[in-house]
Amino acid sequence: MTDNTYSIWVAEYAYVMNYPVSGVLYGAHNEGVRKLPYCYVIIKGGGRTMMVDVGYNHQAYGAVLGERFGVEHWHSPSEVLAECGVSPEEIDTVFITHAHFDHLGNTDAFANATFYIQERELSKWIWAMAQPEHMQWMMGGTDPSDILRVVELAKQGRLKCIDGPLENVVPGIDIHVAYDSHTYGCMWLHVRNDLEQQSENGWVLAGDLVYVYENLVKNPEVTDGQIQGRLSIKPVGLAMGSNTNLVTASDEMLKAVDYQVKRVIPVHEERLKDVFPSRNTKNGLRVSEICLGLGQASVVA
């Protein structure tokens, strides 16, 4: 197999210790709680240092939302990225999968980055903000100030508002979109790490279109770094749009990696540590190493 072009790490920056299972798996009522890591993804290689999502800043309304959802142990990007040998200033590109506060709320920490977001994701959140008070359930996981910060990025010339899928946004990385699913314009990334059009070394970075392995596999078991179980797509617990769209998007993600469940990365999945090489940092947060690019030293060894 061709050497990896990119290293990929999933870096935990906070967590919810007791998150309802029904929030991550549709219809899983009265099935208890589980730990839900809050993470972002770092992609490094080809002379680039990129991220998928940026977490949130535990201040102002971001802190209010964090406390509402029971978020604990928040740490800054400078602390979290340092565990992967990266600084926020090095990040040149950020892909925002969707505009919920825990994915979009810390854009200010990345002063040198250009941000990619779906045009529909931005415009529909502005629409939702403009609805009357009795319809503001739609804004439950979104900080209006984050939307304004995205507009400020546009003013600075650091926003790429895209409409639909985009191949080779950087070499070997494709943007896909799942309209009206978890949110209005959710993106997912296909990293073709061998740079081949028909890649045999691809990874899907799923954002919140997939929370946990149960969204893809019935009763999954993790053994020796492999995920065992029968494919059975069940949508996440929150759809601003259609559960049908969530199911079809999940199938598209699986198809992109020849239905190898291990190659679909759900960033909120605690069991990443059982599938990929991982370590707990001095701050008590996990780093999982999905793959290493040519010449890159491990950050978890």
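The dialogue below takes these features in turn.

Colleague: What should I know before I start?

Modeller: This is a predicted model, where local features need pLDDT of at least 70, side-chain atom pairs count only at pLDDT 80 or more, and totals for chains, interfaces and linings use all residues. Residues are numbered from 1 along each chain as its sequence is written, and side-chain values use heavy atoms, with hydrogens and water left out.

Colleague: Which residues of helix H1 are buried?

Modeller: Terms first. Helices (H or I, at least four residues) and strands (E, at least two) are DSSP runs, numbered from the N terminus. Buried means under 20% relative accessible area, exposed over 50%, and partly exposed in between (1.4 Å probe, protein chains only). H1 covers residues 60–68, and its buried residues are Gly62, Ala63, Leu65 and Gly66. Seen down the axis of H1, these fall within an arc of 165 degrees, so they line one face of the helix. That arc is taken from the directions from the helix axis to the C-beta atoms.

Colleague: Which exposed residues sit on the face of H1 turned away from the buried side?

Modeller: Ala60, Glu67 and Arg68.

Colleague: What do the buried residues of H1 pack against?

Modeller: Look for contact, meaning heavy atoms within 4.5 Å. The partners are strand E4 (71–72) and helix H3 (101–104). Just after H1, Gly70 has a positive phi of about 80 degrees.

Colleague: Now the core. Which residues touch the most other members of the largest nonpolar core?

Modeller: A nonpolar core is a set of buried Ala, Val, Leu, Ile, Met, Phe, Trp, Tyr and Cys residues joined through side-chain atoms within 4.5 Å. Here the largest one has 97 residues, and Tyr38, Ile43, Phe95, Phe115, Ile173 and Leu205 touch the most other members. Strand E1 (residues 7–20) gives the most to this core, nine residues. Take Leu205 as a case. Neighbours within four places in sequence aside, its contacts include Ile8, Val41, Trp188 and Ile265.

Colleague: How do I read a pocket?

Modeller: A pocket is an open set of points with protein on both sides within 12 Å along at least five of seven lines. A cavity is a set of points where a 1.4 Å probe fits but cannot get out. Lining residues have an atom within 4 Å of a point. Points are joined across faces, edges and corners, and a volume is the space filled by probe spheres set on them. The largest pocket here has a volume of about 420 Å³. It has 22 lining residues, and the closest to its centre are Tyr19, Phe69, Gly141, Tyr211 and Leu238.

Colleague: How many residues of each class are in the lining of the largest pocket?

Modeller: Ala, Val, Leu, Ile, Met, Phe, Trp, Tyr, Cys and Pro count as nonpolar, Asp, Glu, Lys and Arg as charged, and the others, Gly among them, as polar. The lining has eleven nonpolar, eight polar and three charged residues.

Colleague: And the second largest pocket?

Modeller: About 310 Å³ of space lies in it. Of its 13 lining residues, His176, His190, Gln197, Lys255 and Ala256 are the closest to the centre. Its lining divides into two nonpolar, five polar and six charged residues.

Colleague: How many cavities of 30 Å³ or more are there?

Modeller: Three. Among the residues that line it are Ala11, Glu79, Asn283 and Val287.

Methods. On a 1 Å grid over the protein atoms alone, a cavity is a set of points where a 1.4 Å probe fits but cannot get out, and a pocket is an open set with protein on both sides within 12 Å along at least five of seven lines; lining residues have an atom within 4 Å of a point.
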